Amino acid sequence: LTLDAPRVHGSGWLLLDQQAQQVQLAFRGWDLDASALRQTALELLKDSTTNQKVFTIVQGGTVLWITWDAQGPPGALTTATPHIITGAMEHGSILIPGIDLLAKDAQGRVQIVDGVLVGEALAARTERTWGRDGSLLVGLKGGDAAFHLDIQMDADLNELHDILRREISNPGFHGEMTQIAEIQGRATGR
């Protein structure tokens, strides 16, 4: 299968077992335009909260490869539970959930199973900060979903200061941060 809008290279199959009331489907894709895929997925699956959360995070880039497998009763295929999605991205643009930070040149592998996104071998950058060797866990179901990011950082201290002031709501912390003047330099850590 090759489509021009969105650009898709892939293959797949669909199996319907009427006696067992089961549907199985599989898709394998490569070299996909994540922006076009995002737009199409949001239009076609607008009622899927999992889909909305995934494509709130994924803004653009190239999906090097992706697999999508689903199995269950026909009505259950619209929920996140029977789906397993695995893929890899490069040159990505992602919005880091929880802190609304746009990262560029994102790359790595992800798997989505039972409404949980797990990423590994992740790397990305902001304007003046770089991250590599990262892992990520994001719950895609429920209002108070899990979020955990572990990544090796080489951070611009001025950019980090701005992010911390924006994201941490503790008044004591803000009082201390306002007393820091002329922030410059870099820090590395995990």
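Author: Ile57, Pro97, Gly98, Val138 and Gly139 lie nearest the centre of the second largest pocket, among 13 residues that line it. A pocket here is an open set of points on a 1 Å grid over the protein atoms alone, where a 1.4 Å probe fits and protein lies on both sides within 12 Å along at least five of seven lines; lining residues have an atom within 4 Å of a point. The model is predicted, so local features need pLDDT of at least 70 and side-chain atom pairs count only at pLDDT 80 or more, while totals for chains, interfaces and linings use all residues. Residues are numbered from 1 along each chain as its sequence is written, and side-chain values use heavy atoms, with hydrogens and water left out.

Now the space itself. Rolling a probe the size of a water molecule over the atoms shows where empty space is left. The second largest pocket holds about 210 Å³. That volume is the space filled by probe spheres set on the grid points, which are joined across faces, edges and corners.

H2 supplies the largest share, 3 residues. Helices (H or I, at least four residues) and strands (E, at least two) are DSSP runs, numbered from the N terminus. By type, the lining divides into 8 nonpolar, 3 polar and 2 charged residues. Ala, Val, Leu, Ile, Met, Phe, Trp, Tyr, Cys and Pro count as nonpolar; Asp, Glu, Lys and Arg count as charged; the others, Gly among them, count as polar.

Step back to the whole chain. The protein has 4 helices and 10 strands. From the N terminus, the order is β-β-β-α-α-β-β-β-β-β-β-α-α-β. Along the principal axes, the C-alpha atoms fill a box of roughly 70 × 30 × 25 Å. There are 190 residues, and 33% of them count as buried. Buried means under 20% relative accessible area, exposed over 50%, and partly exposed in between (1.4 Å probe, protein chains only).

Aspartate 100 sits in the loop between strand S5 (83–96) and strand S6 (101–113). Its phi is positive, about 45 degrees, although aspartate 100 is not a glycine. Aspartate 100 counts as exposed, because its relative accessibility is 59%. Aspartate 114 lies in the loop between S6 and strand S7 (116–125). Aspartate 114 also has a positive phi, near 50 degrees, in a residue other than glycine. With a relative accessible area of 41%, aspartate 114 is partly exposed.

Strand S5 also holds histidine 83. Histidine 83 is buried, because its relative accessible area is 12%. The C-alpha atoms of histidine 83 and glycine 115 are separated by 8.3 Å, and the two residues are 32 apart along the chain.

Then the charged pairs. Side chains of opposite charge can pair when their charged atoms come close. A salt bridge is a side-chain nitrogen of Lys or Arg within 4 Å of a carboxyl oxygen of Asp or Glu. The count is 9 salt bridges. In one of them, aspartate 105 meets arginine 125 at 2.7 Å, N to O. This pair links distant parts of the chain: aspartate 105 is in S6, arginine 125 is in S7, and they are 20 residues apart. Aspartate 105 is partly exposed at 40%. Arginine 125 is partly exposed at 26%.

Arginine 128 and aspartate 156 form another salt bridge, with the closest N and O atoms 3.3 Å apart. Arginine 128 lies in the loop between S7 and S8, and aspartate 156 lies in strand S9 (residues 147–156), so the pair links distant parts of the chain, 28 residues apart. Arginine 128 is partly exposed, with 37% relative accessible area. Aspartate 156 is buried, at 13%.

A further salt bridge joins arginine 132 to aspartate 133, with the closest N and O atoms 2.6 Å apart. Arginine 132 is partly exposed at 48%. Aspartate 133 is partly exposed at 48%.
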